[in-house]
Amino acid sequence: MTFWKLFARNRGAVVGLGILVLIAVMAATASLFFPADPFSLAGKPMSPPGENGFLLGSDSLGRDVAAGIAHGAKTSLLIGLLATLVAVGIGIVMGALAGYYGGPIDNLLMRVTEMFQTIPSFIFAILLVAIMKPSIESIVIAIAVVSWPAVARLVRGEFLSLRNREFVQACHTLGMSDVRIMLGEILPNCLSPVIVIGSLMVATAILIESGLAFLGLGDPNIMSWGFQIGAGRTLLRSAWWVCTFPGIAILLTVLAINLVGEGINDALNPRLRERT
Amino acid sequence: MRYVVKRLLQAIPIVLAIVVLNFFLLQLAEGDAVDVLAGEAGSATPEYMAELRAKFGLDKPLPVQLAVYLKNVVMFDLGYSFRHDMPVSQLILDRLVPTLLLMVATITLAVGFGILLGLVAAMGLNTWRDTAISIFALITYATPLFWVGLMLIVVFSLNLRWFPTSGMENFAMFYEGWDRVKDIAHHLVLPTVTLSLFYLALYTRLMRASMLEQAGQDYVTTARAKGVTENRIMFVHVLRNALLPVVTMAGVQVGALIGGSVIVESVFAWPGLGMLAFEALFSRDLNLLLGIFLLSALLVVAVNLVVDIIYSSLDPRIEVN
């Protein structure tokens, strides 16, 4: 069966993909529907949803909550994807080196991985962003630094089981370089679990980003959902909508990505699903 | 016993590496303690700052500074917080108890209900109960903690007025004895529920998967063949074995729990380590933040150690490799 047919067998995954596409479209068209800066005053402050021309209300400074959500979608998706790419990159390099060479290199790299897994990741991320000063780059780096160990362990395991197969030995006899064998021959054979773990990591990255922004560690120049909730928490008593809607946006996005990730997993490892 | 010693020895390099990492993070941060002091004082001559640096040993080469730092950490001297005008270790110790209280309550609730829900889901496989529990787990797994906290405040504190919005106790009432315990428990409810939700989802999924895995093992067939009732198989044979991975997971998740407590404590103004970290963040008190980070990392190492030891006594098949 083709990838799509296998993917579509999981109904949840299809629903998730639908939500995700909607959110991506919202992010892409944010500047079209809300051309003004989402930080700017757009009307009467503290307007409830549906009043004064605000679909989802406005906050204490008269900022449009709906505009913030649309522009925040860009931030969340961008940081989620970038951080995951960087983390997967680090994880593949570390895992490939450890699994391919084994011995002392493996031992050293796995000790480092273990240490990074022991450290409480969210506090580590807070610390890194605080030291580097909040910006998109520092947030991406911080999330990547706390997320790569899982990928490294996975890739190492795959490399360990593949490195002595016949096709790899054939490559050695042909005189291929180690780098070429690692990247060109072994890596493509272990991509599917990496893709699955990567897709689930995007969701975690978005959750970490929103937590950082909520604590005031977001990039001060770009709108994000976590920032909106953090700014609205003092208004809980008088304006519940400022916190509520961006939270629903985070929930839906993360849920959709998790569902899609499971769908990809079912499609790429069909045997795994039939077993359970 | 040999296992315990071996496991302790394995933990030492990790602890050392974490302390060294902490030292380099401190170096990475812009400005040192003297810059902070000079900034607090308003003005300082370069000569005075150089003198201060010499006094704190900040003019020494890096390896010497690292050695001094290591020695200080061993003596539990984590530096000085100039914002609070107190030693960092003192500040952290003062806030440790509320955080431990929150964490113990959370783990108990999350593991307890997680096991229960996972059990119910696994026993009614593919019925509406299983589906409902799976959907609940899926949604709570995707919800940001701080948002759940704020929504619980809106519903249960502001509208229903069942629970207080923030803090750990009502100081104005001067409660003593049992009244004080009850007051603290009352304040504990919402933060605990918030922090538990995420882990509840995790343990529910794990427990369900673990039950299903164990139900397919050979010993279940054997038990069935010798005529053991289904209930006895489920609750005596399968449940016991299925609990093992849940226990390990509870240990592994302590690090994440500490991270979650930063968020939950700052939402509910719970006066623990997480709240302290939030305050440190706001006043840019990096020394304090690093101290909290170091302590929480050590806490994770310690908890993992304890869980591994408990685990090895529960399951004799486990060995140190």
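Over residues 73–261 of chain A, the chain is 81% helix and 0% strand, with its end C-alpha atoms 19 Å apart. The UniProt record, an unreviewed entry, lists these residues as "domain: ABC transmembrane type-1". The model is predicted.

**Geometry of H7(B)**
- Helix H7 of chain B covers residues 145–159, and its 15 residues reach 20 Å from the first C-alpha to the last, close to the expected 21 Å.
- A bend of about 30° occurs in H7(B) at Ile153(B).
- Arg161(B), which follows H7(B), has a positive phi, near 60°.

- H7(B) is largely enclosed by the rest of the structure, because twelve of its 15 residues are buried.
- The buried residues include Phe146(B), Trp147(B), Met151(B) and Leu158(B), and Ile153(B) is also one of them.
- Both chains contribute to the cover of these buried residues: it includes helices H10 (191–214), H11 (225–232) and H12 (241–268) of chain A, and helices H8 (178–215) and H11 (254–268) of chain B.

**Cavities**
- The whole structure contains three cavities of 30 Å³ or more.
- The volume of the largest cavity is about 80 Å³.
- Residues lining the largest cavity include Asp59(A), Arg63(A), Asp64(A), Met223(A), Gln228(A) and Val242(A).
- H11(A) provides the largest share of that lining, with four residues.
- H11(A) is also among the helices that cover the buried residues of H7(B).

Conventions
Residues numbered from 1 in each chain as written. Chains lettered and ligands numbered in written order. Predicted model: local features only at pLDDT ≥ 70, side-chain atom pairs only at ≥ 80, totals over all residues. Heavy atoms only, no water. Helix = DSSP H or I, 4+ residues; strand = E, 2+ residues; numbered from the N terminus. Expected span 1.5 Å × (residues − 1). Bend = angle between axes of the 7 residues up to and from the residue. Buried < 20%, exposed > 50% of the residue type's maximum accessible area, 1.4 Å probe, protein only. Contact = heavy atoms within 4.5 Å. UniProt positions renumbered as here; feature names shortened; annotations may be inferred. 1 Å grid on protein atoms, 1.4 Å probe; cavity = no way out; pocket = protein on both sides within 12 Å on 5 of 7 lines; lining within 4 Å. Points joined across faces, edges and corners; volume = space filled by probe spheres on them.
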